[in-house]
Amino acid sequence: MSTTLRYGLIGTGMMGLEHQRNLNAIEGVEVVAAADPVQESLDWATFTAEGRPLETFLDYRDLLTADICDAYVISSPNFTHRAVLDDVMKSGKAIMVEKPLCTTVADARHILEQARTYPNVFWVGLEYRYMPPVQHIIQVAQRGELGDVAMVAIREHRHPFLVKVGNWNRFSENTGGTLTEKCCHFFDLMRLIAQSNPMRVMATGDQRFNHLDETYDGRTPDILDNAFVIVDFENGVRASLDLSMFAEGSVNNEELSIVGRTGKAEAFIPSGIVRVGQRSGWGAGVHEETIVDDRVLVEGFHHGASFLEHLDFAQAIRTGTPALVTAEDGYWSVLMGAAAHLSIDEGRVVHLSELR
Ligand SMILES: NC(=O)c1ccc[n+]([C@@H]2O[C@H](COP(=O)([O-])OP(=O)(O)OC[C@H]3O[C@@H](n4cnc5c(N)ncnc54)[C@H](O)[C@@H]3O)[C@@H](O)[C@H]2O)c1
């Protein structure tokens with residue numbers, strides 16, 4: 001491995017370029033290559049390189065054959081992850097694959113099996129863990145400042161899905177469904193905060209308003225845009241997700257709360273506000289502050305989270321230490337999304353044991 005870590009991007013749409021901008025700003029790393037089947041996306045990557053040398057490939061397999069990288073960052077559409085990973089894992093190089101790990105439970109199981117013996121860093125881009133206010137309240141909980149954690153509530157009220165290259169995100173078969181595609185982040189946070197695996201899931205939701213007036217090759221999108229999901233964890237923690245994707249009339253897109261035996265912590269994004277209070281102080285004892293992480297040099301579309309994630313990914317590659325966001329984390333978040341969709345489809349409680 002050269003002293004400077006050399007990265008190759010696979011997929012240079014919105015998220016691939018966010019990774020590129022992050023890496024451009026980090027010392028000791030360089031993006032040397034990009035692969036994407038769409039020339040326009042490659043042109044964006046060349047533009048984002050801002051004069052740095054960048055080799056481009058229309059087929060990622062030619063990038064792998066060139067063997068000029070120490071690490072690959074996979075930001076191709078969700079439904080391509082499994083096939084791309086099958087090829088990239090033959091390289092033995094460090095890998096960061098965007099969330100969701102893949103779109104089906106069968107693929108998640110397959111990738112987890114491969115990753116268990118992978119000889120290099122295998123990292124899943126569940127970067128909401130790195131949003132500074134989220135990190136802050138997770139640390140508060142993990143230091144025991146809330147007592148035994150009992151409840152996790154996550155609300156995402158945001159805008160509809162954006163337009164993607166080739167409109168791949170308009171159909172559940174390509175995304176894994178909204179509760180996998182989007183909400184894998186929140187299921188991952190629930191599991192991280194609960195420090196336990198999920199036992200059962202109950203959900204309700206549908207496609208109420210979004211994308212119903214669009215057609216692609218004669219088909220109308222089938223993308224769920226609102227849901228409530230309840231998750232019971234093995235250790236008794238319970239969590240809820242409240243999702244609306246027609247809620248532009250909001251100050252914050254994400255609101256998280258963790259309640260323990262003795263205290264409560266909340267985080268609001270993008271305002272960056274966190275509140276931590278103890279039962280004994282009632283409302284008067286609630287401390288409020290705005291969390292900023294000075295290490296963030298690129299805000300991107302995720303409030304610096306994917307930048308911070310790259311600092312840890314590079315550190316893991318250099319030190320040969322295991323990934324901090326693992327294939328197992330990716331696997332569970334896909335399973336929880338699939339369980340929530342199954343619960344909606346069949347109108348019943350779904351036990352995770354059915355999917356494992
Ligand atoms: N971590 C996050 O918060 C976050 C945010 C947005 C997107 N994502 C994930 O990033 C991935 C890409 O999403 P996006 O928003 O950039 O989509 P996008 O449509 O903007 O870009 C995807 C790019 O991948 C290219 N592509 C298609 N097939 C490919 C293949 N086989 N090999 C290489 N490139 C291929 C497309 O041509 C396109 O340029 C998805 O998995 C998505 O879920 C993660």
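Domain bounds, as used here, come from an automatic or database domain assignment. For this chain, the assignment gives domain 1 (5-126 + 309-326) and domain 2 (129-301 + 332-354).

Colleagues, please note that this is a predicted model, in which local features need pLDDT of at least 70 and side-chain atom pairs count only at pLDDT 80 or more, while totals for chains, interfaces and linings use all residues. Residues are numbered from 1 along each chain as its sequence is written, and side-chain values use heavy atoms, with hydrogens and water left out.

I begin with the two domains. Their C-alpha centres lie 25 Å apart. Domain 1 gives 27 residues to the contact and domain 2 gives 23 residues, where contact means heavy atoms within 4.5 Å.

Where does the ligand lie? Both domain 1 and domain 2 give residues to the shell around the ligand, so it lies between them. Of the 28 residues around the ligand, Asp36, Ser41, Asn78, Glu127 and Lys164 come nearest; a residue is near if one of its heavy atoms lies within 4 Å of the molecule.

I turn now to polar contacts, that is, pairs of N or O atoms within 3.5 Å. A side-chain N or O atom of lysine 164 is 2.6 Å from an oxygen atom of the ligand. From the backbone, a polar atom of methionine 15 lies 2.8 Å from a ligand oxygen, and an N or O atom of methionine 14 lies 2.9 Å from a ligand oxygen.

Key:
A polar contact is a pair of N or O atoms within 3.5 Å; within protein, one must be able to donate a hydrogen and the other to accept it, and residues adjacent in sequence count only if both atoms are side-chain atoms.
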